[in-house]
Amino acid sequence: MHKVPTDRRDLRVIDPDQVCDATAVLADGERVQQAATVLDALGEVNRLSILLALQHAGDLCVSDLAVAVGMSDSAVSHALRLLRAHGMVTAHREGRLVRYRIAGGLARRLLEVVSEEAVGPVRLHAHGEHDESRDR
């Protein structure tokens, strides 16, 4: 049985099986919207830079992120508020410091793919080892 939405059943369809499949793929509009939000956040160079820094260097506070990505503390804070609101980063307190990290899920998986193209081999000093994710 084809699952073409009722409001579109009178429209001309060339291949009903493919239309059915395409409709099924897009059925969970909320998840598609969430994926679009993640992609939108990744599409802005400053937010992407923040996320890549967190992905590879680990948990960082606002001031360290600002130095690493070449932005002001307030600009980084603003970007992190947006990324937190969309569930892409989380924050945790260590004494007086608030450190940020990449949340799991789609954002982490997409950053792994982006890193393959955008980040070259790099020696990570804080961890005292080579970034193994760059060897793939």
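1. Buried means under 20% relative accessible area, exposed means over 50%, and partly exposed lies in between (1.4 Å probe, protein chains only). By that scale Glu94 is partly exposed, at 41%. Arg99 is buried, at 19%.

2. This is a predicted model: local features need pLDDT of at least 70, side-chain atom pairs count only at pLDDT 80 or more, and totals for chains, interfaces and linings use all residues. Residues are numbered from 1 along each chain as its sequence is written, and side-chain values use heavy atoms, with hydrogens and water left out.

3. How many salt bridges does the structure hold? There are two, the term meaning a side-chain nitrogen of Lys or Arg within 4 Å of a carboxyl oxygen of Asp or Glu. Arg99 pairs with Glu94, with the closest N and O atoms 2.8 Å apart.

4. Arg101 and Asp59 also form a salt bridge, at 2.6 Å from N to O. This pair links distant parts of the chain, 42 residues apart: Arg101 sits in strand S3 (residues 97–102), Asp59 in the loop between helix H3 (45–57) and strand S1 (60–61). Helices (H or I, at least four residues) and strands (E, at least two) are DSSP runs, numbered from the N terminus. Arg101 is partly exposed, at 35% relative accessibility. Asp59 is partly exposed too, at 27%.

5. The axes of H4 (residues 62–69) and H5 (residues 73–85) come within 9 Å and cross at roughly 105°. Axes are lines fitted to C-alpha atoms, for helices over the stretch in contact, with angles from 0 to 180 degrees between N-to-C directions. H4 and H5 are therefore roughly perpendicular, a label for 65 to 115 degrees.

How values were computed:
Angles under 35 degrees count as roughly parallel, over 145 as roughly antiparallel, 65 to 115 as roughly perpendicular and the rest as oblique.
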